Amino acid sequence: AAFADAARSSGGAAWVRDRLSWGHVEPEPGQYQWGNYERAIDAQHRAGLSIVTVFHDTTHWARPEGKPHKSFPDDIRHAHRFGQALAERFKGRIQAYEIWNEADIAPFALETADRYAPVLKAARLGVKAGDPGAIVLMNSFAVLSRNFGEVLFENEIAGYTDAYNHHLYRPADQHPATLAWHRALAAPYGLAPLAHWVTEAGIALPDRGGRLSEEDRGKQAAFVAKSYAQSLAAGVDRHFYFIFPYYKEGATNFGLLDADLAPTPGAAAFATMSQALGAAQPRGQGIAS
C-alpha cells in the first residue's frame with residue numbers, strides 16, 4: 001500500500017506494472033490462491049492506478065515432466081483457462097495483461113518463438129473471455145531479437161495483441177533508433193498500426209549498501225528525464241520505468257528508492273517527468289546550444 005500511494009502521489013503516474021506467478025496462484029488445477037498478489041492489486045487499485053500485470057512461468061502440473069517453470073505449457077488450453085480465471089477475478093481492477101516477459105532470452109524462456117505464439121493466442125482468448133475490455137500485450141522483447149521476432153510474427157500473432165511491446169536498457173539517446181528498429185521488424189507482419197508500449201526502461205548501476213553513490217544518483221536522474229522525453233517524442237504510447245521501489249539484482253541497483261525507502265534524485269525526476277509529460281504531445285526536436 002505504501003508503494004502504491006507513493007507512486008500515485010509522485011506526480012502524474014497513472015499506471016503501474018506488477019507481476020504474479022502462475023505456479024503460486026494455481027498450484028493445483030482449478031485451485032486458486034491469490035493471496036499477496038490480490039492484496040497488492042487492491043492497494044494499487046485503491047490508489048487510483050491502472051495496472052498491467054505479467055506472468056512468465058508455467059505451473060508445475062501444466063508443463064512437461066521434468067521441464068523448468070520457464071517452459072511453456074504443452075496443452076495450451078491450460079493457458080486459456082488461467083487467462084480467463086485471472087481476468088474474471090480482477091475485472092475492473094487490472095486493465096492490461098502481458099503474456100510472458102522477455103521470452104526472447106534464456107533467463108525467462110528456454111523455447112522458441114513458435115512455441116510461445118500459441119500460448120499467447122490461447123491466453124489472450126482466455127483473458128478476453130474473462131474481461132472483454134482488457135488490454136492484452138504480447139511478450140516484451142528484451143533485446144533486438146530479429147530471429148525471435150520474425151518467427152513469432154510469421155505465426156500470425158497480429159490479431160492477438162493490442163500493443164507492440166519491448167524493453168529498453170540502452171542509453172536514452174538510443175531510444176528513438178530502438179523504436180525505429182522494432183517498427184521496421186513489425187511492419188511486414190501487420191503490427192505497425194498497433195500502439196507501442198515500453199513496459200521496462202531502466203539503468204543498471206552498482207549498489208552501495210542500499211543506495212547508489214552520489215555520482216550514480218545523478219546518472220539515474222538524468223536517465224529518467226531523458227528516457228521519458230526521448231521515448232515519448234519518438235512515439236511510444238506508454239513508457240514504464242524499471243523500477244520504482246528499491247530493487248537490488250545481484251550487485252546492481254535499479255530502484256528509485258533507497259533501501260530505507262528514502263526517495264532518490266531519480267524519484268524526483270520521475271515525479272517531474274510524469275507530471276510534466278503525462279499528457280504532453282511532442283512538437284518537434286530542439287537543438288542544444
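**Figure 1. Surroundings of Met138 in the predicted model.** Leaving aside neighbours within four places in sequence, Met138 is in contact (heavy atoms within 4.5 Å) with Glu98, Ile99, Tyr116, Leu120, Phe153, Ile157, Thr161, Ala163, Tyr164, Asn165 and Leu191. The structure is a predicted model, in which local features need pLDDT of at least 70 and side-chain atom pairs count only at pLDDT 80 or more, whereas totals for chains, interfaces and linings use all residues. Residues are numbered from 1 along each chain as its sequence is written, and side-chain values use heavy atoms, with hydrogens and water left out.

**Figure 2. The largest nonpolar core and a separate one.** A nonpolar core is here a set of buried Ala, Val, Leu, Ile, Met, Phe, Trp, Tyr and Cys residues joined through side-chain atoms within 4.5 Å; buried means under 20% relative accessible area, exposed over 50%, and partly exposed in between, with a 1.4 Å probe and protein chains only. The largest such core has 44 residues, of which Tyr97, Ile99, Met138, Leu152, Phe153, Ile157 and Tyr164 touch the most other members. At least two residues of this core are supplied by each of α2 (22-25), β2 (50-55), α4 (77-90), β3 (96-99), α5 (113-130), α6 (146-154) and α7 (175-186), and the largest share, eight residues, comes from α5. Apart from this core lies another, of 17 residues, which includes Ala13, Phe223, Leu256 and Ala269. In soluble globular proteins, nonpolar side chains tend to be buried together.

**Figure 3. The whole chain, as context for the close-ups.** The chain holds nine helices and ten strands, where helices (H or I, at least four residues) and strands (E, at least two) are DSSP runs numbered from the N terminus. Its radius of gyration, taken over C-alpha atoms, is 19 Å, close to the 19 Å that the globule rule (2.2 Å times the number of residues to the power 0.38) gives for 289 residues, so the chain is as compact as a globular protein of that length. Along the principal axes, the C-alpha atoms fill a box of roughly 55 × 45 × 35 Å. Buried residues make up 48% of the 289 residues, and among contacts between residues at least 6 apart in sequence, 77% join residues at least 24 apart.

Figure 4. Trp100 lies in the loop between β3 and α5, and its phi is near 85 degrees, a positive value in a residue other than glycine. With a relative accessible area of 0%, Trp100 is buried. Leu261, placed in the loop between β10 (252-253) and α9 (265-277), has a phi near 75 degrees, likewise a positive value in a residue other than glycine, but at 47% relative accessibility Leu261 counts as partly exposed.

Figure 5. The peptide bond from Phe242 to Ile243 is cis, with omega near 20 degrees, and Ile243 is placed in the loop between β8 (238-241) and β9. Most residues other than glycine have a negative phi, and most peptide bonds are trans. Strand β9 (residues 248-249) contains Glu249, which at 43% relative accessibility counts as partly exposed.

Figure 6. Gln44 is placed in helix α3 (residues 35-46) and, at 10% relative accessibility, counts as buried. From C-alpha to C-alpha, Gln44 and Ile94 are separated by 9.5 Å, although they are 50 residues apart along the chain. Pro188, by contrast, is found in the loop between α7 and β6 (195-201) and is exposed, with a relative accessible area of 65%. The C-alpha atoms of Pro188 and Leu232, which are 44 residues apart along the chain, are separated by 24 Å.
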